[in-house]
Amino acid sequence: MDKFRIIFQFLQSNQESFMNGICGIMALVSAQMYSAFDFNCPCLPRYNLVYGLGILLVPPFILFLLGFVLNNNVSVLSEEWRRPRGQRGKDPAVLRYMFCSMAQRATVAPVVWLSVTLLDGKCITCAFCTAVPVEALGNASRPGLSPGEMERVLARIPCKDIYDGQELIANELAVRYLRCISQALGWCFVLLMTTLAFLVRSLRPCFTQAAFLKSRYWSHYIDIERKLFDETCAEHARSFAKVCIQQFFEGMSTDLAAARCHSPRKAPADAGEAAEKLLGITDQGTMNTALKSWHRCKPPLHLHPPALPSSNGWAGEKQSPTPPPVPRKEMAAYYSRV
């Protein structure tokens, strides 16, 4: 348990680096998932578009949600957004900063999936094979084909083993045409995402440096305050449970001593130390009230200065004049008379 506690504390202290590592792992997982995925186009006119766009868009949406689920700050953001105002106001800029920070990390894996999918070209080939310009690439003058039949023939382009429209358009030509368009879209998408990430990471702090620093500071404060509150509650719960269990066994030992005429054992010193950590909250109702008060009316972010002692002349108080030193001759005469 101590090893797991040390690992957990290390992950908490290096949360940002840990989340960046999680984003990188999810990106690699998304790429591996696509490479291991068995893509099977249905080769039917009304199903190719749904299947191709579904494979292109649904997994990125799932990965985007997983990026939020794996981020610990989601609960912090929702708690800060839903809590009552109380004595502490809520800054929308801080909430926007927290959401944008989580969204940036959650977008990495979907971007990798979309990039790999577009560069591979299977989804675009399956989804838009019926839109191949036969007039420009093939022989549209083939007699005896209605628009419905031509659409059915073109829908079989991704399925090379059942394609029977070589006289209409060559299968390899149509696949190369659609894959070329898909790869062009993929590289444009990669360029767009890279440029957007560069602008967000480098130029945003330059224009709003003060607001950026303020939002980042209070975002870290909210996260750290929540962690310290949880740790304090856990320490209080541990002390409360320790004192309750100790009192239970003290009562049992008292009853046994009364029945057997033996003197009860003394309570260990740990119980007294645990009782000091309770800070006056020694019953369930008071603890529930304190927790509700923390949620409904958090204390304002204003530290009251401690009361300075007046004996040392602090806080602007006048010091009492020090008496003049007594000469050594007079001190020696006094001690000789004594």
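Reply: The account below begins with the patch and then turns to the rings. This is a predicted model, in which local features need pLDDT of at least 70 and side-chain atom pairs count only at pLDDT 80 or more, while totals for chains, interfaces and linings use all residues. Residues are numbered from 1 along each chain as its sequence is written, and side-chain values use heavy atoms, with hydrogens and water left out.

Val 58, Phe 61, Ile 62, Leu 65, Leu 66, Val 69 and Leu 70 together make up a nonpolar patch on the surface, with about 650 Å² of accessible area. Phe 61, one of these residues, belongs to helix 3 (residues 48–69). Phe 61 is exposed, at a relative accessible area of 51% (exposed means over 50%, buried under 20%, partly exposed in between, with a 1.4 Å probe and protein chains only).

Turning to the rings, the whole structure holds eight aromatic pairs (ring centres of Phe, Tyr or Trp, for Trp the six-membered ring, within 6.5 Å; planes under 30 degrees apart are stacked, over 60 edge-to-face, the rest tilted). Phe 248 and Phe 249 form an edge-to-face pair, with 5.3 Å between centres and 75° between planes. Ring pairs also join Phe 64, Phe 68 and Phe 99 into a cluster.

Notes
Patches are made of residues with over 30% relative accessible area and no salt bridge: like charges are joined within 9 Å, nonpolar side chains (Val, Leu, Ile, Met, Phe, Trp, Tyr) within 5 Å. Accessible areas come from the Shrake-Rupley method with a 1.4 Å probe; for residues, only the protein chains shown count as cover. A salt bridge is a side-chain nitrogen of Lys or Arg within 4 Å of a carboxyl oxygen of Asp or Glu. Helices (H or I, at least four residues) and strands (E, at least two) are DSSP runs, numbered from the N terminus.
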